[in-house]
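Hello,

Here is the structure I promised to pass on to you. Have a look at it first, and then read on for what I found.

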Amino acid sequence: VDIKVQASGGNKTSRMPYGLMHEDINNAGDGGIYAELIRNRAFQGSSRYPVSLAGWTPINGAALSIKNLTAPLSSALPNSLNVATGNGSPDSEIGFRNDGFWGIDVRVQNYTGSFYVRGSYNGSFTASLSSTLTNETFGSVSIPSQSKNDEWIKHEFSLVPKSNAPSSNNSFGIQFDAKSVIGGSLDFNLISLFPPTYKGRENGLRVDIAEAFEALGPKFLRFPGGNALEGPNLANPWKWDETIGDLKNRPGRPGVWGYQTSDGLGLVDYLHWCDDMELEPILAVWSGLALDGAYINETDLQPWIDDALAEIEFIRGPASSTYGSLRASLGHPEPWKLSYVEIGNEDWLAGAPSGYDSYIEYRFPLFKQAIEEKYPDIQIIASPSKFDNMTIAAPAAGDYHPYRQPNDYYAEFSKFDALGPENLTLVGEFAAVHPNGGRDWDAGLHPFPWWIGGVGEAIFMIATERAGDRIIGSTYAPILRNMNRWQWSVCMIEFEADNSKTTLSTAYHVFKLISTHPITANLPTTPSTNTSSLFFVAGVNEDTGAHVFKSANYNTTNHEDTPVKVGFAGVEQGRKAQLTLLTSTEGPFGFNDPKIGNNVVKETNEELVAGSEGVFEWTMPELSVAVLEVSPE
Ligand code: AHR
């Protein structure tokens, strides 16, 4: 393939071409990027997911029970753990332990913890990290009791283990001397333990996962869902004002993915994530559709529109405003920047056709009008796209979610040609999820991201970049999967409690290569698009002056290599370029398996030198992805 790249004349591209989308699925939040180590730390539950002692076991025969006291820690956290002597020896310290989110990663580092206790006790508590298998203690700390009868008292501590644990099969325990307890038992709640967090943020993010995302060079964060925004039914959408402030005032909620969520990772924490990773927030507000298909009637919609306006004011209103002052009271007087608001999530899906009709007829127009009136600078995004049979009047944008077979991405390479300048589109979720000609939604997803899926995704990403003046940005979804409890198998990163087992999928490597070589203006090419198996985009990064060429080779005639020649107008002979080429060591179906910790993605880096007329030459094997970055003069 012989491609000539012009020196100018292409369209400008989005300054936020790639980002992240987060929702609590696969324990991506609790037990995932939210660094809290204690599972079921506040005995939260609902009629959907009843309150339980999941995660907790007694030490030295203590009797553990959940109590709903008349004087709870808070109205948000009405349940607590009662710890009594039980059948243990009265002479030994009794207590309880938590095995974390299916293990706890114990290293020589500072853990900060806290718990609330209620009851009369004059001794001290011992907090420890120890092996669940052998009881070996890696570190412990003594915490003098300040507890009082009839009052909830917060105890805080830090703990530095003396050694690293050999595995993550560890527990966190709290013990006390039962003989010194007046009244026979103590009540505990909100028992919390954090390792060091990403950028040292209090109530922050797990370091290894956050740093893996940072390495993708993302530019935006779409949150809080996905389906998680919608909630399982009309009573339980994601409610921003129940996710802010002191953890003891966050009730949590029944998630849509089979478990109760704590909302420890709440609205302010998402905004801190944006601050710390320099991401543009794309806030999704609830549009009045639940995942069970129920939706709010027009006459009952206004309180929810007001709620969305309140949320926006909380984020970006002046500290003198009603909700801006609430933000200021939580320690953030400065408004955050918020330029993108999406109304709902996949309103074309749950509850269609009447639910979707209600979105088109009144839900979207009423939310849009109210937000635009108050915040004319905000880019409104509808949750369907032009490709979901919705006519979205500019300046509002749409959201497109292509979960596909790899072949579909190849067949749909020109799909965005249908977008006019008035059809701004966010790709708020995408991923290759089914093998070619294989499973469908009812039969389930592919077990992991796999190589040919990644090449398909590369073709899709290249297509979005070619339409970079109309595509606001794109994000893979879901991004995280806790291997101990998951509902969606195809995710960018798989992880366990043990940080050394975090697995970057084939999709991650492809996304990273493409997202970390930004093009700010496309350059026209001859031929203008693929004439063979090679899919490509060419452009320039105006911030650095580098020319960039991205390509994916897919569906060659006989699985043969494709020789590529790319000549850039204005690039003289002898100019150097860096070629990064990704291939699979295990063919189309290779995948990065967290059980064996392999990486099937082979990356080769080569310096190329321009021949006459600024032409660079290399070979793309069948099913490969490459980025060529030409050094600025
Ligand atoms: O990413 C998983 C789910 O796929 C999202 O929650 C939803 O928006 C989509 O259907």
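Where the two meet, domain 1 supplies six residues to the contact and domain 2 supplies eight. On the domain 1 side, those residues are one nonpolar, three polar and two charged. Please keep in mind that this is a predicted model.

Next, the ligand. Its shell draws residues from both domain 1 and domain 3, so the ligand lies between these two domains. Among the residues around the ligand are Glu23, Asn227, Asn345, Glu346, His401, Glu429 and Trp488. Sorted by class, the shell has five polar, four nonpolar and three charged residues.

There is also a record to look at. An unreviewed UniProt entry lists residues 450-624 as "domain: Alpha-L-arabinofuranosidase C-terminal". Over that stretch the chain is 38% strand and 15% helix, and the end C-alpha atoms lie 13 Å from each other.

Finally, have a look at helix α8 (residues 451-466). With 16 residues at 1.5 Å a residue, helix α8 should span 22 Å, and its end C-alpha atoms are 23 Å apart, which agrees. Is α8 enclosed or open? 16 of its 16 residues are buried, so α8 is largely enclosed by the rest of the structure.

Enjoy exploring it!

Best wishes

Note on methods:
Residues are numbered from 1 along each chain as its sequence is written. This is a predicted model: local features need pLDDT of at least 70, side-chain atom pairs count only at pLDDT 80 or more; totals for chains, interfaces and linings use all residues. A residue is near a molecule or strand if its C-beta atom, placed from the backbone, lies within 6 Å of it. Ala, Val, Leu, Ile, Met, Phe, Trp, Tyr, Cys and Pro count as nonpolar, Asp, Glu, Lys and Arg as charged, and the others, Gly among them, as polar. Domain bounds come from an automatic or database domain assignment. UniProt positions are given in the numbering used here, feature names are shortened, and annotations may be inferred rather than shown by experiment. Helices (H or I, at least four residues) and strands (E, at least two) are DSSP runs, numbered from the N terminus. The expected span of a helix is 1.5 Å times one less than its number of residues. A residue is buried if 20 or more other C-beta atoms lie within 10 Å of its own, exposed if 12 or fewer, and partly exposed in between; C-beta atoms are placed from the backbone. Two residues are in contact if their C-beta atoms, placed from the backbone, lie within 7 Å.
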